[in-house]
Amino acid sequence: MRREQSQSSCMTDAEPDIISSLPGHIIDHILSHLSIKEAVRTSVLSTKWRYKWATLPNLVFDSQCISETSEDLLDIKSKLSRIIDHVLLLHSGPIRKFKLSHRELIGVTDIDRWTLHLTRRPVKEFVLEIWKGQRYKIPTCLFSCQGLHHLELFNCWLKPPSTFHGFRNLKSLDLQHVTLAQDAFENLISSCPLLERLTLMNFDGFNHLNIRSPNLQFFDIGGKFDDISFENTSQLAVVSIGLYVNFESNQSRLHGHSSNLVEFLICLPRIQRLEIQSYFLKYLAMGVVPVKLPTPCIDLSYLSIRINFNDSKEISAALCLLRNSPNLRELEILARPEEQPVPIAHHTYCWEEVCLSWPVMRVQHVRIDGISGIKPELDFVNFLLQYSPVLEKMAVKPALNTGPELVKDLLRFRRASTRAEVTYLD
């Protein structure tokens, strides 16, 4: 029995080390799915794995890279700094992506040092999210990273040097809670010739959005601004704009001489998906709202509009968009609840004039959210049902505390489409 046990033991010792014999690309694939903390721990598996983590191309430092066993914030920040220093010191391969995002992170001088280190490497993606404290001033050295393809900054202050002439390889720019001067913003956007995606959220320092970007395809913005204009943006296909402040309708926000809606759409000939959020429809409705646009939105297939149904100018702007989008397939209508008190006397919209020359709509799916059953809302819903012969589904989600009368009103409306299904989402 002792001899058999010895033989079995020898056979086990002679078995190959499966972990060590894994091909290099398999090890790389495994490490790519681990956090920095877990990847470093794999160095104890075998000699082959010891420094394999040090060649990871994507470095992400977030809440997963340290164990927050201590409630002392200074201790957490100190651990995070030591980890980043250790990883950058031992890292021996190219760094494709660097992301620093931790809930306890504030703008510290260590970030300047790490950024300077990264500028000497061929980094392509740089993500910095400062969750606490004042806005962190981006070091000048970052603006020399001409290899950047993606730049994402949160709670930062950007002040490019006078020698900065744009990021020549940048394709994606995401700026949220940032401070940037007007001239610096315009120069940044126009000096990135390959830019395809632009996201701007909650910014200050500039109020006029002059977008000049020949390759821009995706544009998402939400914030407070006075006006917006596009130039040389014929490739734009997906646009989402939210104006986060209400305003009085006056000439100061009228872009151009006649119509904000016309000026807005004339530079978007290939728009496919458009989302009009918050008070932006009110901005577009300023000036003369035409019945027909100079050029129809023939590629527009999805449209989302947040609208005040008590404002006839906004209704006109919404109808203009619908009339001039012959290939629209999906439509979302969102009522602004803060502007939906039931008035004593409604302003009656002249639907008879609209219906006289209304074209056939090809919309198939409609979602209506936040309505309470006032007459302008019901008139709009009734109009959509009557002039959508290929409509397949309409989903209606009422505002809170809406009575059952809304369901009765929806059921009595005639439908141009025999296949139309109206769903009440209570």
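What covers the buried residues of α6? The cover includes three strands: β6 (172-179), β7 (197-201) and β8 (208-212). Keep in mind that this is a predicted model.

**The chain as a whole**
- You'll find twelve helices and 17 strands here.
- The chain has 426 residues, and 46% of them are buried.
- Take the contacts between residues at least 6 apart in sequence: 65% of those join residues at least 24 apart.

**The largest nonpolar core**
- This core holds 116 residues, and the ones touching the most other members are Leu128 and Phe219.
- Helix α9 (residues 312-323) gives the core its largest share, at seven residues.
- Now zoom in on phenylalanine 219, ignoring its neighbours within four places in sequence. Its contacts are Leu198, Leu200, Ile211, Ile228, Phe230, Leu236, Val238, Val239, Ser240 and Ile241.

**Helix α6 and its cover**
- Helix α6 runs over residues 182-190, and its buried residues are Ala184, Phe185, Glu186, Leu188 and Ile189.
- Back to the opening question: β6, β7 and β8 are among the elements that cover those buried residues.

**The largest pocket**
- The volume of the largest pocket comes to about 260 Å³.
- Its lining has 13 residues, and Val291, Ser316, Leu319, Tyr349 and Val354 sit closest to the centre.
- By type, the lining splits into nine nonpolar residues, two polar and two charged.
- Both α9 and α10 (351-356) put at least two residues each into the lining.
- The largest share of the lining is α9's, with four residues.

**Valine 87**
- Look for valine 87 in helix α4, which covers residues 73-90.
- Is valine 87 buried or exposed? It counts as buried, because its relative accessibility is 1% and the cut-off for buried is under 20%.
- Leucine 59 is 28 residues away from valine 87 along the chain, and the C-alpha atoms of the two are 8.7 Å apart.

Methods. Residues numbered from 1 in each chain as written. Predicted model: local features only at pLDDT ≥ 70, side-chain atom pairs only at ≥ 80, totals over all residues. Heavy atoms only, no water. Buried < 20%, exposed > 50% of the residue type's maximum accessible area, 1.4 Å probe, protein only. Contact = heavy atoms within 4.5 Å. Core = buried A, V, L, I, M, F, W, Y, C linked by side-chain atoms within 4.5 Å. 1 Å grid on protein atoms, 1.4 Å probe; cavity = no way out; pocket = protein on both sides within 12 Å on 5 of 7 lines; lining within 4 Å. Points joined across faces, edges and corners; volume = space filled by probe spheres on them. Nonpolar A, V, L, I, M, F, W, Y, C, P; charged D, E, K, R; others polar.
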